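Thanks for coming. I have one structure to go through today, so please have a look at it before I start talking.

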Amino acid sequence: MSATSDQDLIESWRDEPAPLLPVLHAFHDRDGYLSEESMRSISQGLRTPIAELFTTVSFYHHLATEEGGKEKPRVCNGPVCCLRDAGKLLEELGEGATAMPCPGRCDEPVAVLRGDEVLLGLSATELSPIPSPLPAPNPGGLDECVFGSIREPGRSTLEGYRKTGGYEALEKAVNKMTPAELVEEISDSGLAGRGGAGFPTGRKWKAVAEAPGNPKTIVCNADEGEPGCFKDRAIMDHDPHAVIEGMALAARATGATRGFIYLRYEYPGTCAILERALNEAKAAGLLGENILGADGFDFRIHLRRGAGAYICGEEGSLLNSLEGKHPFPRNRPPYPVTHGFEDLPTVVNNVETLVSAPPIVLRGAAWYQALGEGELAGTKVISLSGDIARAGNNEVPMGLPLGTLLHDWAGGPAREHELQAVTMAGLSGGFLAGDDLDVTLDEPSIRSRGSFLGAGGIIVFDQGRDMVAAARNAMEFFADESCGKCFPCRIGTKRLTERLAGSSGPGEMAGWEAEVRDIGKVMKATSACGLGMAAPLITESLLKYFPEEIARRLK
Amino acid sequence: MIEKDDSRTMILDGVEVSFTPGETIYEVASRSPGEIPTLCYDKRLDPFGGCRLCVVEVEGVRNPVASCTTPASEGMEVRTSTEAIDEHRRILLELVASENRQIDVDPLRGYASQELTELVDRYEARTGRFEGARSGSSRTDDDNPFILRDYDLCISCYRCVRVCAEEEGDHAINVLNRGFETRISTEFDGSLKDSDCTFCGQCVQTCPTGALGDRKAMRYEGEPGNIEKTRPICPYCGVGCSIDVMTRDDRIIGVQPAMDGPANLGALCIKGQFAYDFVQHPDRLSTPLIRGEDGELHEATWDEALDRAAAGFKEALEKHGAESVYGVASGRAPNEAAYTMQKFIRAGFGTNQIDNCSRA
Ligand SMILES: Cc1cc2nc3c(=O)[nH]c(=O)nc-3n(C[C@H](O)[C@H](O)[C@H](O)COP(=O)(O)O)c2cc1C
Ligand code: SF4
Ligand code: SF4
Ligand code: SF4
Ligand code: FES
Ligand code: FES
């Protein structure tokens, strides 16, 4: 079989929405890298200036521009894998192997990406592809929303999904509810964004429903780039139709007719699962025109693979990436609800947010609201990893004490050491330690300690761990992933990394602290997006809990 | 319902000011005294929001906002300079200075080349704090005669990239890599002459650090004497761009675009920007020349020359008819002159053989 011509590859995507990423991947997959000729063809075919295309390609970690680059192994140098000697594995794999940021397999380190395969293992000889584990049932037998049906056998197929109540929420929404009632149900439930920022979902849907301009768009944010977060992967791998149903509900509520799933590059297996599920749904008339026989209920979903950039999970950057632009975050206002994909009204929702919608619609706002502790609404999926006996995803009631999760649910420390610190929001929330480990898992409690719950990744460090090294590893991640748009983050993440590594900056504590605090202050106050605002929580919390460790290091 | 009076008011540093919906805080503030510092801003370009120096406090909003990107809104209360804001600005400038070679460049490098230096001085940010790796890397290998690419001085404000795309439509350069590793690059990181660059010099003139330099003007760096600026219209074409011709001792040493030129608002093309050497070139003709009986060219007055040309035209017309005349109007002529030219050929000679040279 001869390889498909440049012309054919471009033609097959040119008239599709958001064509740049799929065209780049088509060439990248065909040749194993993006050659100069390929980029020139794409530039002409899609009418993108060549300098822009060339530099945009350079933005993405996983687009190789040297022959054979795609198949070269990439070894995770994320916070969890580093606890398991990822550096040694990188060495073992020898020439051509390079480091990459966390690919969301922190529950079974160390992760290696090779071509379209993710391999797990602690040494080169042990590496093997292992599918995402199912989340373990919670010990209290508590009612769940996101994971309520995920363990049902066959759930990932359309048949299995339908057998266990799948698409009944969509049927209910179509047959028994108006779009406005649908929005109201979601609003009343108290569901808030699970991708990090916690914006009330009902309010977002309402804003898009009311915004002028068509067509409207639903974007499922499946970029999950935060180190220590791997919940969306588990959801999509085991419950892909729930994602589709959630998006269809959002479409019904807002009048949107097109949808995108923006999936991170590092989830190739998930990509295949979603593709299959989308085809099944299309064939069954659950996507397309006049869905479920409802006149004028048209909705299509396009799957788009990212190419390796944490910032592309930030919604403005994600939208620019979809549109084929340089993926810098956008200035806000305006917000995506009025000026989203192609400057039209757009819902951007996290995977977990979207899959919460079907059970809420079926079982009612009051049911969901009551899942949380006390006044707190609903549940949150926590990805737990690091020095903990049972790493994995847990759906907890909002407000569950952190200690209960760590000790009762997850079996406490993995090694002989006591727990020392945890991260919050993956890495973005910095560290919690000491007395602050008594928080409950909800924003008010965690924010009162200067951190935030965010997307719900928690990495555990026991007493045997070097927290300055952990902080440096985290700051290196932010520096590598800073998009370079704004000065405080572009320069600040670099300077903080240098100071944590001891490679430049004052050699005594007072001077060190003054510089680090000033950089952190200006980053928090003036950065253009959440990456730069959150990164200094790492140094701030290190100074708060581990000043002696820093001082020892400086000597 | 369309409202007749579109103006709104907001409070700026305690004073009520009016604005038109759609204006940014910065645009409103730029009409009042007190100067909000900026580095990534060029009023001709879409606001970018990169440098964050323009941050201001808005009542009721937790974090400062970038005034260049944030729209003004009714009743908004804005403080453009407070202790906290000024401290943020100083720290930001200290950070920028730390990634830079921290040298002061000659103003001949470009129109905006002193912006960083001036701000660093204004905020007393030459403190040497935050030392660490430098960013950028100069392209000493790019030996084009017009544009110095001294990226050691680059602060990644991307004004050059944006002016090239938004004003010039050339998209010759863009942002390579990300984070601290960002660099300005052409396609495949080559030289400007192997790219879509037209050498219009727009990027040079908007660069706030002198990382991009006007190589032709830089030939005269460091020479004694004052530089005088004169504002003519570029002589090359009918657009009529205003330029500031820089002279020292009556010698042209460079051209900068007039940012307030009504036809160009700071835009120029390679000709207006760089092609002025002919003005004082020794080979330039300064009087008409007429070829004499001896076959040599001799200096003549304009009257003699025009008489001679008219005689030649007449002779051709009498001997060979109107079809022997073909007029080509110069692309440097404005519409009015081009109109007169075609009238001259059509009505004067009775032929439609009239053309213009602008077909390169
Ligand atoms: C640096 C950065 C990275 C982000 N990454 C993700 C991500 O991977 N997935 C996600 O859903 N949201 C991410 N977000 C949050 C999104 O910008 C956005 O708030 C979210 O997708 C909205 O969906 P939600 O309301 O359902 O949470 C990120 C934000 C920032 C600042
Ligand atoms: S904060 Fe960082 S990631 Fe966000 S826009 Fe600024 S440089 Fe880019
Ligand atoms: S000289 Fe003009 S065309 Fe060339 S890079 Fe600069 S702005 Fe672009
Ligand atoms: S070369 Fe000049 S204009 Fe371009 S990004 Fe650097 S400092 Fe800004
Ligand atoms: S997979 Fe390595 S840290 Fe997440
Ligand atoms: S001038 Fe507003 S961010 Fe640079």
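Predicted model: local features only at pLDDT ≥ 70, side-chain atom pairs only at ≥ 80, totals over all residues.

Residues are numbered from 1 along each chain as its sequence is written, chains are lettered from A and ligands numbered from 1 in the order in which they are written, and side-chain values use heavy atoms, with hydrogens and water left out.

Chain B has 9 helices and 16 strands; these are DSSP runs, H or I of at least four residues for helices and E of at least two for strands, numbered from the N terminus. The C-alpha trace of chain B spans about 85 × 60 × 40 Å along its principal axes. Of the 360 residues in chain B, 47% are buried, where buried means under 20% relative accessible area with a 1.4 Å probe, protein chains only. In chain B, 59% of the contacts with a separation of 6 or more join residues 24 or more positions apart; contact means heavy atoms within 4.5 Å.

Now the interface. Chain A and chain B each put in residues: 49 from chain A and 49 from chain B. Between them they bury about 3900 Å², with 59% of it on carbon and sulfur atoms; buried area is the accessible area, with a 1.4 Å probe, that two parts lose on being put together, summed over both. Which three residues supply 17% of the area that chain A buries against chain B? They are A:Phe487, A:Arg490 and A:Arg495, more than any other three.

A:Arg490 sits in helix α19 of chain A, residues 487–501. Its relative accessible area is 0%, so A:Arg490 is buried. Beyond neighbours within four places in sequence, A:Arg490 touches several chain B residues, including B:Glu99, B:Ser135, B:Ile155, B:Ser156 and B:Tyr158.

B:Tyr158 comes up again at ligand 4. Of the 13 residues around ligand 4, the nearest are B:Cys154, B:Cys157, B:Tyr158, B:Cys160 and B:Cys207; a residue counts as near if one of its heavy atoms lies within 4 Å. The shell around ligand 4 has 11 nonpolar, 2 polar and no charged residues. Here Ala, Val, Leu, Ile, Met, Phe, Trp, Tyr, Cys and Pro count as nonpolar, Asp, Glu, Lys and Arg as charged, and the others, Gly among them, as polar.

Around ligand 3 there are 7 nonpolar, 3 polar and 1 charged residues. Among them are B:Cys164, B:Asp170, B:Cys197, B:Cys200 and B:Cys203.

Key. Buried < 20%, exposed > 50% of the residue type's maximum accessible area, 1.4 Å probe, protein only.
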